[in-house]
Amino acid sequence: MFSCYKTWLDNWKNQEPPTFSISITLIGVRDVSDSSSDKKNVFEIMTPNGLLQVAAINQTEKKEWLAALRSSTASNLALQTSNLKSSSAPSSPTGSPKTKLTISFNPKNPFQFVQQDFANCTCADCGARDPEWAVINFGIIICIECSSVHRSMGRHISKVKSLNLDNWTDESLQIFKYLGNKNVNEILEFALKSNDNKMKLTETKIKPNDSRILRETFIKAKYQFKKFIEQKENQIELNKNYIKACNEDNVLQILQNLINGANKDYISENEEDHKATGLIIACKLNLNLTCEFLIAQGINVDLQDEFGWTALHY
């Protein structure tokens with residue numbers, strides 16, 4: 001028996017638990033147990049309708065449920081995407097599926113579109129083939145196993161979408177033409193590929209068959225703590241370069257400066273920008289690609305320029 005209670009009302013655990021209907025395809029799970037409290041057997045279930053905390057009877061049962069939920073989510077997603085591919089795959093004149101497609105931009109085929117860049121045909125983190133998930137605020141493609149870790153870190157770090165199950169705008173897909181696994185990994189994995197041993201790293205690049213623990217350690221080091229980046233300019237220079245990249249519609253330079261520590265809500269000191277943020281500048285210049293990317297970064301849309309206007313006014 002499991003007791004389910006909302007995170008903000010702990011005393012639910014002393015009442016008769018309600019029954020929750022959860023779509024196994026859309027959930028994520030993470031262990032949030034605390035051995036020093038009465039929540040040592042607790043884990044979280046992340047659903048489109050909110051966050052649930054679930055208490056198992058003991059540690060063994062908790063581990064079994066975590067493993068079962070993760071396995072079921074992965075297998076159901078794999079089945080759905082396999083069905084999508086088989087039902088939409090074009091055939092050759094003889095009726096057999098084509099092995100290679102050359103396609104133009106089509107937002108209805110996001111999976112095929114991003115794979116036009118060969119580097120996106122493998123997971124940006126572990127190298128697994130044919131990844132079907134994207135991290136939109138980094139512009140990378142990842143596999144389902146790594147996507148589970150990304151989702152567990154929270155949307156303030158990684159915003160994950162399915163290439164096959166979610167809706168995509170033209171601009172959000174075009175971002176992958178300018179970012180993508182190769183370009184972004186050159187920034188986020190700089191130290192792993194460098195011959196400079198000054199950083200004395202203990203982490204190494206993960207592989208497709210690595211354990212959940214190794215994935216979590218590496219992915220958190222890479223995205224949350226940014227342990228492998230090349231430290232560059234000081235804060236003032238980073239902010240100035242960030243604003244310059246916003247003016248130039250250069251999403252790769254925007255990302256690089258943000259990764260290195262630029263303030264995403266920085267107010268430009270350039271006289272011609274009239275104390276605008278990067279998003280306001282992009283909106284005034286009708287730079288739709290940069291606007292889409294900055295919104296994915298969680299930029300504050302309510303900040304005003306010297307005229308009292310926000311980005312929404314433009």
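Predicted model: local features only at pLDDT ≥ 70, side-chain atom pairs only at ≥ 80, totals over all residues.
Residues are numbered from 1 along each chain as its sequence is written, and side-chain values use heavy atoms, with hydrogens and water left out.

**View 1. Helices H9 and H11 cross at roughly 25°.** Two packed helices are described by the angle between their axes and the distance between the axes. Here the axes come within 10 Å; axes are lines fitted to C-alpha atoms, for helices over the stretch in contact, and angles run from 0 to 180 degrees between N-to-C directions. Val251, Ile254 and Leu255 of H9 meet Leu289, Thr290, Phe293 and Leu294 of H11, where contact means heavy atoms within 4.5 Å. By class, this contact has six nonpolar, one polar and no charged residues (Ala, Val, Leu, Ile, Met, Phe, Trp, Tyr, Cys and Pro count as nonpolar, Asp, Glu, Lys and Arg as charged, and the others, Gly among them, as polar).

**View 2. Helix H9 (residues 251-259) is mostly covered.** Helices (H or I, at least four residues) and strands (E, at least two) are DSSP runs, numbered from the N terminus. Seven of the nine residues in H9 are buried, including Gln256 and Asn257; buried means under 20% relative accessible area, exposed over 50%, partly exposed in between (1.4 Å probe, protein chains only). The buried residues pack against H4 (170-178), H5 (180-188), H8 (235-247) and H11 (288-296). Just after H9, look for glycine 261, with a positive phi of about 120°.

**View 3. Lysine 240 sits in helix H8.** Its relative accessibility is 43%, so lysine 240 counts as partly exposed. Isoleucine 267 is 27 residues away from lysine 240 in sequence and 9.6 Å away in space, C-alpha to C-alpha.

**View 4. Three strands make an open antiparallel sheet in the order E6-E5-E7.** The edge strands, E6 (140-142) and E7 (160-162), each pair on one side only; strands pair if DSSP finds at least two bridges between them. E5 (residues 133-135) joins E7 over three bridges, and valine 135 stands opposite valine 160 in E7. Helix H3 (residues 144-153) lies across E5, E6 and E7, at about 115° to E6.
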